[in-house]
Amino acid sequence: MSDQSSADAPSLTIPIPRGPVPKAPARKVRPPVEVTVDGTSVTVPDGSTLLDACRQRGVDTPTLCYLETLEPVNVCRVCVVELEGSRTLVPACSRKAEPGMSIRTDSERVRLSRRMVLEFLASSTDVSTAPELQDYMERYGADSERYGDDGRPAASQAQPPKIDNDLYIRDYSKCILCYKCVEACGVDAQNTFAIAVAGRGFDAKIATEFDVPLPDSACVYCGNCIGVCPTGALMFKSEHDLRESGEWDESKQQTTDTICPYCGVGCTLTLHTQDNQIVKTSSPMDQEVTSGNLCIKGRFGWQFVGASKGSKAFADGESTED
Amino acid sequence: MDLHFTSDTPSETERQAVDALLGPAESRWAGGTRSDKSQGQTSESGHRTSGQRHLLLPVLHAIHGRIGWISPGALNYACERLKVPPAEAYGVADFYDMFSLARHSPVVARVCDDIACQAKGANELCSALERSLGPAGSSSDDGPATWVRSPCLGLCERSPAVLVTGSGERPWNRVLAPSDEPDVSACLSSGRPGLTDTCPVESSVPQAGEPSLELLRRIGSSGAESLDAYRNSGGLDALELALQEGADWVLRQVEASKLVGRGGAAFPTGIKWRAVASASGPKYLVCNADESEPGTFKDRVLMEGDPYAVVESMAIASFASGCERAYVYVRGEYPRATERLQAAIDDFDAAGLLELCCPIEIRRGAGAYICGEETALFNSIEGFRGEPRNKPPYPTQAGLFGKPTLVNNVETLANVPPILLRGGDAFAAVGTERSSGPKLFCLSGHLARPGVYEAEFGVSVRDLIDLAGGVSGTGRLQAVLVGGAAGSFLAPDELDAPFTFEGMRAIGATVGSAVVMPFDDSVDLGRILLRIADFFRDESCGQCVPCRVGTVRQQELLERLHSGHPIGSVDQERLLLKDISQVMSDASICGLGHTAASAVDSALARFPIFSRSTQ
């Protein structure tokens, strides 16, 4: 380009390509990969993980830090499997299946590691609002009591929930440091980067810069971090308040899928209601428009529903709609 | 990227500290004033700004060196300049021990209380400092100086060791080793010293001057003083030969030498070099000088005592593998090594020698053992938290900045000039069949003449102890720690095992970073084990559950045993410890977790430690 402009006056005519119009190169079709899961052969598409192979084989593999919509970080290590030829166990969620791999998903080594990971988590954090983790603990016979008082959340991670805004609370005594919220706040969904992992080792934690309250941080209150949190450490303020007052009762709750009324994107909204009141909202992870993500309006902008005309909530709702 | 900042603004001093490194801000968007040239429009965008994140750690060093802590205003300005989200930059700064995120004394004495120093009176030194200066880290916010306890400073042969760091217009460091309370107090009150370290390097090498030495031959000689002197002592011959014979010839020599990595993992160096050389596209060389394994100081001695050789080796490696840029990541606790290496790089550059290979840049760590793990080191250089990545992919496939990367330990690289000058086959003939070449050993603890020793592979642990003048202290040997805190304890009757990769493996130990640390029978081994457990607890990056929680549970359990208050019986605790050890070694992401229990396991298997706590 620059040669042309320096030598001659630039030509304005677009040269007509000679010969046939070039075609896009044929897409490389890679052959599927065959791996062995617990002695049975499984064929998965190229690029699949060992977790995909386990699921295809129907092996229920526990996961905590893994989510289909996020880049695997393989930090919780509860999905580890025994890979033939590997000195250590490998995380199923991120390890790509390679031809000829053979894994065991329920060996003594695998069960021990999974049990210990669950014991470690339950011995250092409050898992009372993490039903999935509790189920796993039962499955693997995890006993978090054997670490003594030192291991209780009270001694290590206990802290009051951070309530610095009206929309959601952060109870880090329940945090297992799965990195999901950081990913959802960052490059995997929202690109807001309001929170990150700070500190190191057992003192590592999720924090804003200098631990400033959320209203001073970059947070845009999309609530996508709540959507991915596996332990209830991040929770709607409405849910938190109902739990505090003892009124939260999931057996009395219904979910209703609808379309968010705010803009034209058309996000699927799941309304969780109890006693005919909306207590929280979510969006299905497998919904192709949202992949489980929402914005502040879809996530939190429903206080006006059911509010009487003239009330503050109704007025707030109206102003949000503008 | 749309960034959000708190209202904290930088002081003029903080702004100047950052600008001194990055140059003045070009536009208001980057934290500057509205300039006529850009008329307030964005003057930088896209890759040019997002591509600056790797400067985060140097910028944090610049701020900390200037004001002694990372203030919210300074962090905001750094983030504005580099286009890094403040929460992420905070997480990075908070990762490193040597950075303070609260207002802090400008002068800090870091007193090593790790295993080697503990055997030589570190606890007594700390008690004395407590009496004279008050409890560790307790200096009031605006106090002029304070002291803190530190993990191993890599000065084990000169224990007990202290590193004093001072911030200000000209940040300074002072190594005090061996040290005592009056030394430390005097340094804290007198401020900026003349020299970083007044102790000559050769005092750490008792063999200095012996003609049989290969890797240590220039230590203490004039050959390490200037580039000319280096050339006159036979330096640069290997680089010339490499340029003359070509990259492939170099690769073949390294392959034939059967050299394996000296950082601890013992991976064949030739395979790595070949893999990177045959990869296409941009690629990098990284020299891993983040030597932080307790009891290890050989790389420090090489960098301080023969810095030109380290630079020449890096030049050869980058030439042979075709790397376009080389980094050497030196741990933050090594100020003199950093100074000397920088001087050597500058001399190479001034002589035009780097044009023959590629630019070499020093990156300073800031106090994190985990950054010695190669993938954590990449993250640290890139401006992220020093958390290890999952492997595969391996560094030779996707390493620094996601590109093929050749990463070698300092000592590994230092073997390259001798390999080229003697020929790969001749090198392979030295040592044993499976452990070739000369080797540096780090001898400290209860020894008459601690220091770095060079010997051919094949020597036994006993030979090495004899070389260092035998066991000192009470003179009665209780145990020897080999390989470092991630290594193993040996009993006195196991010392005839050859200190080779195969010899150590045969007795369930590892060469590791070639630490040999004998303890006399006056030492409370239980307390040493506790210190090792403390070390791993403090140094775990916190990323994966087995290591983050396992290192804590291990430490708590040993504490219970040591104090005689087991939960249930001692046997019950031993079973629990076995489970903790297994999940850490089986399911952790990186080598830190995999080996965090090995020294403890090996000691408990050999010695009746904690048995007296049985009620």
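I began with the buried residues of H5(B), which are B:Pro86, B:Ala87, B:Glu88, B:Ala89, B:Tyr90, B:Gly91, B:Val92 and B:Ala93. Buried here requires 20 or more other C-beta atoms, placed from the backbone, within 10 Å of the residue's own. The model is predicted, so I kept to the thresholds: local features need pLDDT of at least 70, side-chain atom pairs count only at pLDDT 80 or more, and totals for chains, interfaces and linings use all residues. Residues are numbered from 1 along each chain as its sequence is written, and chains are lettered from A in the order in which they are written.

I checked the extent of H5(B): the helix covers residues 86-93, and eight of its eight residues are buried. Helices are DSSP runs of H or I with at least four residues, strands are E runs of at least two, and both are numbered from the N terminus.

Next I looked up what H5(B) packs against. Its buried residues meet E7 and strand E8 (205-207) of chain A, along with helix H3 (56-67) and helix H4 (72-82) of chain B.

I then turned to the interface. There, 42 residues of chain A are in contact with 38 residues of chain B, contact being C-beta atoms, placed from the backbone, within 7 Å. On the chain A side, helix H3 (108-124) and strand E7 (196-198) are the elements that give two or more residues. H3(A) gives the most, with eight residues.

Last, I noted chain B as a whole. It has 26 helices and 13 strands. Of its 615 residues, 58% count as buried. Its C-alpha atoms fill a box of roughly 80 × 60 × 45 Å along the principal axes.

How values were computed
Contact = placed C-beta atoms within 7 Å. Buried ≥ 20, exposed ≤ 12 C-beta atoms within 10 Å, placed from the backbone.
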